[in-house]
Amino acid sequence: SVPLAFFSGIGRASRYGILFKGGAAIEALSKVKAAALDKTGTLTTGNFAIQEIKPADGFSPNDLLYFCASAEQASSHPLALSIIKNAQEENITLAAAAQINELSGKGIECIIDNKKITVGNINLMQENNIHIPFVETVTTVYTAIDGIYAGSILLTDELKANARATIDRLHKYDISTAILTGDAEKNTVLLAKKLGIKNIFAKLLPTEKLSALQKIRQNDGAVMFVGDGINDAPVLANANVGCAMGSGADAAIEAADVVFMTSKIEAVADALQIAYTTNNIAI
Ligand code: ADP
Ligand code: MG
């Protein structure tokens, strides 16, 4: 039978915008020793500001934005939304893409104006043998046209309000913290420093997020994962407790044990606090 405390836990959680998919999730959460957090859209707002547009020789900034943003219309990734918004602000009329292939944790392939467009990160470019003259160390979306490099768009993201306070609360609960991201190293290290997170796994492919999770579990014990992307679904399913941001992809929400019906990062610490109270664990 299910103890009554679980129902009061679920009731309290709903007032915080936290949805536990059953009492077992509350109990499992009360036992986690580590929190692995996705970066983009979880710790950061997902609003990227464009820092620099670097077209390759023979292309204008607007050519680059046209092909890149047109391709990105097929994606719901935060990077895609920011690039499309920028193209619209520049009054660039975007084209409809055909034969769209969204590659989780990498980018987009499609056909625009009879040309094969490849838009995404360095892994995607290298896989397609696209020569990149200069590999950036910050968050970068590369574009290639018919296999030829057409330029880079450099972006920066911002931490969510209360991200630092939330990490402090997790540490107070004796939970170790780690960032798991497909993003570039330098940007991630900077953000981690601001947050007081020492354990950083950057430039991860979706499958590598799984092995990072394994590593954390081996070192620290039961681990919760918090993420929002389609590429996060396997890790959410594999974590001892998978938590999805409600603002994220449907696949993430489906794979999760706990859903935050808010984009506020405090929900991570609030969920733990509710789990401790429900299970009579002193904190
Ligand atoms: P994070 O783990 O930070 O949430 P994701 O795993 O969602 O990031 O994506 C990993 C990386 O894949 C991104 O940092 C980006 O380099 C690349 N990527 C994914 N989708 C896209 C896209 N639509 N356009 C460009 N790059 C993308
Ligand atoms: Mg994400």
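This is a predicted model: local features need pLDDT of at least 70, side-chain atom pairs count only at pLDDT 80 or more; totals for chains, interfaces and linings use all residues.
Trainee: What makes H3 stand out in the shell around ligand 1?
Mentor: H3 supplies three residues, the largest share of that shell. Residues are numbered from 1 along each chain as its sequence is written, and chains are lettered from A and ligands numbered from 1 in the order in which they are written.

Trainee: Which residues come nearest to ligand 1?
Mentor: Thr-40, Ser-75, His-77, Asn-121 and Gly-182, out of the 22 residues around ligand 1. A residue is near a molecule or strand if its C-beta atom, placed from the backbone, lies within 6 Å of it.

Trainee: How do you know what classes make up the shell around ligand 1?
Mentor: Ala, Val, Leu, Ile, Met, Phe, Trp, Tyr, Cys and Pro count as nonpolar, Asp, Glu, Lys and Arg as charged, and the others, Gly among them, as polar. On that basis the shell has five nonpolar, twelve polar and five charged residues.

Trainee: Why is ligand 1 said to lie between the domains?
Mentor: Because domain 1 (4-45 + 159-278) and domain 2 (49-156) both give residues to the shell around ligand 1. The bounds come from an automatic or database domain assignment.

Trainee: How many Å separate the centres of the two domains?
Mentor: The centres, taken over C-alpha atoms, are 29 Å apart. Their contact takes 13 residues from domain 1 and ten residues from domain 2. On the side of domain 1 that touches domain 2, H8 gives the most, with three residues.

Trainee: Why is Thr-177 called buried?
Mentor: A residue is buried if 20 or more other C-beta atoms lie within 10 Å of its own, exposed if 12 or fewer, and partly exposed in between, with C-beta atoms placed from the backbone. Thr-177 has 22, so it is buried. Thr-177 sits in strand E9 (residues 176-180).

Trainee: And what makes Asn-114 exposed?
Mentor: Asn-114 has 7 other C-beta atoms within 10 Å, so it is exposed. Its place is the loop between E5 and E6, and its phi is near 65°, a positive value in a residue other than glycine.

Trainee: How do you know whether Asn-280 is buried or exposed?
Mentor: Count again: Asn-280 has 8 other C-beta atoms within 10 Å, so it is exposed. Asn-280 lies in the segment after helix H12 (266-278).

How values were computed
Helices (H or I, at least four residues) and strands (E, at least two) are DSSP runs, numbered from the N terminus. Two residues are in contact if their C-beta atoms, placed from the backbone, lie within 7 Å.
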